[in-house]
There are 2 protein chains.
Amino acid sequence: MASPVRIEADYLIETAYDPRVAAEAMAGEQSSGTFVAVPGETPELKERSAARIEALEVIGEAAEPSLPGAGRPQDGQPAICRARVTLSWPLENIGPSLPNLVATVAGNLFELKQFSGLRLTAIRLPSAFAQAYGGPKFGVSGTRRLAGVEGRPIVGTIIKPSVGFGPEETADLVRQLCEAGIDFIKDDELQSDGPHCPFDERVRAVMRVINDHAARTGRKVMFAFNLTGELDQMRRRHDLVLREGGTCVMASLNSVGLVGMIELGRFSALPIHAHRNGWGYLSRAPMLGWSYVAWQKIWRLAGADHLHVNGLSNKFSEPDESVIASARECLTSMFEDKPCIAMPVFSSGQSARQVPGTYAALGSTDLIFAAGGGIMAHPDGPAAGVASLREAWEAAMAGVPLAEYGRDHAALARALEGCPA
Amino acid sequence: MASPVRIEADYLIETAYDPRVAAEAMAGEQSSGTFVAVPGETPELKERSAARIEALEVIGEAAEPSLPGAGRPQDGQPAICRARVTLSWPLENIGPSLPNLVATVAGNLFELKQFSGLRLTAIRLPSAFAQAYGGPKFGVSGTRRLAGVEGRPIVGTIIKPSVGFGPEETADLVRQLCEAGIDFIKDDELQSDGPHCPFDERVRAVMRVINDHAARTGRKVMFAFNLTGELDQMRRRHDLVLREGGTCVMASLNSVGLVGMIELGRFSALPIHAHRNGWGYLSRAPMLGWSYVAWQKIWRLAGADHLHVNGLSNKFSEPDESVIASARECLTSMFEDKPCIAMPVFSSGQSARQVPGTYAALGSTDLIFAAGGGIMAHPDGPAAGVASLREAWEAAMAGVPLAEYGRDHAALARALEGCPA
C-alpha cells in the first residue's frame, strides 16, 4: 500500500450536531480555523494549512451521549449519531515529527463540545516519517537470532512477584526457568531500581545465571530488563545490560513518553521490549481515546521491537477481537520500503488452552507467548509448563486438536487436565 | 501538610464485586500479588513490598456499568457500587522515580476485570521526590519578574490562525499585540517547525519585534515559543530562544512525555509553559483515567512553570468546577519545603465576562489569563481588548461589578456590549 501524501487520521465520532458541521469543527480546531477573523489571515494562507475532511460516513445512532459535557445544537438535530470521519493535514504543517504529530491528530479535539464521543482509530503517515525515524532495529528476525528460536513462537514468562524479590532471589528463579527450557523472561513493569532490588545488582546476578546456562547449553535465554527511568539512567542501564551480555531491555511507554522512547530507540543496541501498562486509561472507554491500531504505529516508528497486546481470554477486560486486531497490526507493514514490524507479546493469564485460538486468529508464529501460572503452576513443574506450551504450538501449527496431540505429549496432557476447559 | 512516608494514591472505583475484594485485587496487581504461589516467595518478602488499602468508602451505586468488559462475581453481589479507595506503596518499591511512579499508581489497573470504572483522583508523595526533582525553576515570582507584571494576572493571547502564518506574518501580529499592551503571547500547539514557519526564523522575526518594543518601552512581552520536538531539537531551540533574548518556551506534555519533560526541566534556563493538549483522552470519561488534580503534580515536579487549566464557560466540554479545582491545585503547595507552585493558565473562549467568576473562585491573581477573540475581536481593536481585560481584573479585585466599573472604563464597557450576557 502506497503511503499517503498528507497525514491521515480516522476517528469514530458521536455528535448531536450535523456530523459534517461537527467534523468541520474538528478540522478547524486542529488546523487553521479561527473563531474570529484575525488581521493578516487570508483565504490562501488558511487553505494552505487547513485540515480536510476526506471521508464521512454515518454508521448509526446513540440513545444517550457516551460522554458528558457535549452540546446540543439550538435547531434541535433530532438524534445523536455516530460516524466515521477521516481528516487529513498537509505534511508541511509540522514536518515529519512524531511529537508534533501527536499534538495534531490527538490534541485538543477530544474535549470539543460538539462531541459526546471521539476516538482515534487509525493513522496513516507520509513516507517522510519513514525517513525521519529508525523504526525497530531488531524486530522479528533480530529477536529470533538473539533468542535462538526459529519456526515457532518465543515462549516467555514474567518474574513474579512483581516486587519483593531481591537480586539473588530473582536470579534463583531465573536459574529454574533456564533449566525449564524457557526462551524469554521479563521483569515486571513494577520492578525497576528500588533499594530492595537495585537494577545493577539484578542485572549482574541474572546475567551470571544466563551466561552460565548459555555456556553449558549454547542457548542464551533472552531477559528483558526493565530500565524505565530518566534518560541518563536508561542510557547507563542499557550499557550495563549490553556489557553483561544481556540481549534485551524493557521500557514502559506511558512512563517514558515519546521523546524518551525516541532517544532509547536511537541509542539502543538491544531489542526494546515495549510495555504498554496504563493502556487502559487511553482506551477502555469505547467512545474516547486511542485504538491500539493507531497508537502502536507511533511507538514502532520510535523503535519498539516488541509490543504488548494482552492475550485471548485474558484476566483483563479487553475482548479477544481487540487483542487480535492489535497483534495483526503490529505484524502489518507501515511503509512499502520500511515495514517497521514489531513482535506482538501475548500475556495475561495465558496457557496451552489459548494457543490454537491465537494461531488461528493470527496466522503467524512471529510472536512472544508469555505465561506466568501457565508455566509455574503446571502440576509437574516449570519444565513441564514450558514443554506444554511448546507442544501446544506444535499441535496448533500441525492443525491437530490439543486433546489429540496430548495423547502422546504428557506435559500438554497434564496442562489440559490442570486448566478449566 | 506533612508528606506521607509511603506513596499514596486515591481512586474512584466502580465494581460489581465486594469493594474490599476489588480493592485488594488492585493492590495485589500493582505490587507483590501473585495468582499462583511462586518458588522463593515468602510472606515476609511479599509483605515488605505489598500495596496497602489505607481507606475505603462506599459512596453510592450505579444503575449500569460505566465501562464495558467488567466481570460479575459468581455469588451475585446485588448492585454495582462506587467507592473511594486510597492505596499506599512503600517508597522502596521504586525509589523517588517519576517514570516508575506512573507505572505504579497508573499502570495495569485500569483494565482489571473487577472494575467497570477506575479513576486516579489524587496522589501524595514522600518528600524524597522533592529532593529528587527540581520542580518549577521560575513559577509565579520568576514569571512575573520576566514579564514585568505584578499585582494582577498576566494578560495573554494566542497566535491565530494556529498554522498558516509564516514568520513575518507572525511577527506582524506580534507587533500589533505589543502595541496593544499585551503581557504574554503563545504559539499555538499546532505550530512547531513546519517548512512554512520554521522555528528558528519565527523566533528571530518575533524577537526582533519584541526586543525593539522593549527597547522603546522598557517592557519585554513574554512569548512562549513552542519547541515541542525531540530532545536535541528542544535543546537547540531553547538555546536559540535564550540567545535571542526570549523569556519563555512552551512544550506539549502529551507529545514530549515524562522523560522529555524531565530533561527540558533540567536544562531550561527559561520558564516552561506546559500545554496539556490531548488532556481530553486522559480525563473526559468520568469513571476512567486521570483527574488533573493528580496529573499536574507529576509535571510540576518535572519542571512545568505554567500549566493549562482551560477556563470558565469555555468552548470545550469541561465543567467550571473542574477548571477551578485544577487551577487551585496548581497553586497549592506540594511539599512543606518545596511548594512547586505553577501558574495556572486560563484560556479557551475567555473574555472580560469570565473575570469576576474566575477571581471569586480562585481568590488569587497568580495566573495567566489568555484570550483570543476577547482581545482581537474587541469592537475598538486589540488595544481596547487588552485594556478591557485589565479593567475587568481591576473591577474584580476591587469587588466592583463589571457593569458599574464600565461606566468610566470605556474599553470594558464596549467589551461587555460586544459579548452575549
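Helices here are DSSP runs of H or I with at least four residues, strands are runs of E with at least two, and both are numbered from the N terminus. The model is predicted.

**Exercise 1. The cis peptide bonds**

Task: Find where Pro161(A) is placed between β5 and α6 of chain A, and state which residue a cis peptide bond joins to Pro161(A).

Solution. 
- Step 1. β5 of chain A spans 154-158 and α6 spans 167-179; Pro161(A) sits in the loop between them.
- Step 2. Check the bond. Lys160(A) is joined to Pro161(A) by a cis peptide bond, with omega of about 5 degrees.
- Step 3. Repeat for chain B. The bond between Lys160(B) and Pro161(B) is cis, with omega about 0 degrees.
- Step 4. Pro161(B) is in the loop that runs between β5 (154-158) and α6 (167-179) of chain B.

**Exercise 2. The open sheet**

Task: Write down the strand order of the open sheet of five strands in chain A, then name its edge strands.

Solution. 
- Step 1. Read across the sheet. The order is β2-β3-β1-β4-β10 in chain A, and the pairing is mixed.
- Step 2. Look for strands that pair on one side only. These are β2 (52-62) and β10 (288-290) of chain A, the edge strands.
- Step 3. From one strand to the next it averages 15 degrees.
- Step 4. Recall the general rule. Strands of a sheet pair through backbone hydrogen bonds, in a parallel or antiparallel sense.

**Exercise 3. The partners of β3(A)**

Task: In what sense does β3 of chain A pair with β1 of chain A, and over how many bridges? Do the count again for β2(A) and β3(A).

Solution. 
- Step 1. Take β1 (residues 7-15) and β3 (residues 80-89) of chain A. They are antiparallel, with nine bridges.
- Step 2. Ile7(A) faces Trp89(A) of β3(A). Tyr11(A) is set opposite Val85(A) of β3(A).
- Step 3. Turn to β2(A). Nine bridges link β2(A) and β3(A), and these strands also run antiparallel.
- Step 4. Pick one pair. Val58(A) has Ala83(A) as its bridge partner in β3(A).
- Step 5. Residues under 20% relative accessible area count as buried. By that cut-off, eight of the 10 residues of β3(A) are buried, and the strand is mostly covered.

**Exercise 4. Helix against helix in chain B**

Task: Give the angle and axis separation for α11 and α12 of chain B, then the handedness of their crossing.

Solution. 
- Step 1. α11 (residues 292-302) and α12 (residues 320-330) of chain B pack at about 35 degrees, and their axes are 9 Å apart.
- Step 2. The crossing of α11(B) past α12(B) is right-handed.
- Step 3. List the contact. α11(B) contributes residues including Tyr292(B), Gln296(B) and Arg300(B); among those of α12(B) are Ser326(B) and Cys330(B).

**Exercise 5. Buried or exposed?**

Task: Classify Ser326(A), Cys340(A) and Ser348(A) as buried or exposed.

Solution. 
- Step 1. Ser326(A) lies in α12 (residues 320-330) of chain A. Its relative accessibility is 2%, so it is buried.
- Step 2. Beyond neighbours within four places in sequence, Ser326(A) contacts Tyr292(A), Val309(A) and Glu318(A).
- Step 3. Cys340(A) is in the loop between α12 and β12 (343-346) of chain A. Its relative accessibility is 6%, so it is buried. Phi is positive, about 55 degrees, though Cys340(A) is not a glycine.
- Step 4. Ser348(A) falls in the loop between β12 and α13 (355-362) of chain A. At 10% relative accessibility it too counts as buried. Its phi is near 90 degrees, again positive in a residue other than glycine.

**Exercise 6. Relating the two chains**

Task: What rotation superposes chain B on chain A?

Solution. 
- Step 1. The rotation is 180 degrees, with 0.0 Å of shift along its axis and an RMSD of 0.0 Å.
- Step 2. The copies are therefore related as by a two-fold rotation axis.
- Step 3. Find the C-alpha of chain B nearest the axis. It belongs to Gly257(B), 1.9 Å away.
- Step 4. Compare surfaces. 100% of the contact residues of chain B recur in chain A, and the same surface serves both copies.

Conventions:
Residues are numbered from 1 along each chain as its sequence is written. Chains are lettered from A and ligands numbered from 1 in the order in which they are written. This is a predicted model: local features need pLDDT of at least 70, side-chain atom pairs count only at pLDDT 80 or more; totals for chains, interfaces and linings use all residues. Side-chain values use heavy atoms; hydrogens and water are left out. Two strands pair if DSSP finds at least two bridges between them. Axes are lines fitted to C-alpha atoms, for helices over the stretch in contact, and angles run from 0 to 180 degrees between N-to-C directions. Copies are superposed by least squares on the C-alpha atoms of residues with pLDDT of at least 70 in both. Contact means heavy atoms within 4.5 Å. Buried means under 20% relative accessible area, exposed over 50%, partly exposed in between (1.4 Å probe, protein chains only). A crossing is left-handed if the near helix is turned anticlockwise from the far one by less than a right angle, and right-handed if clockwise.
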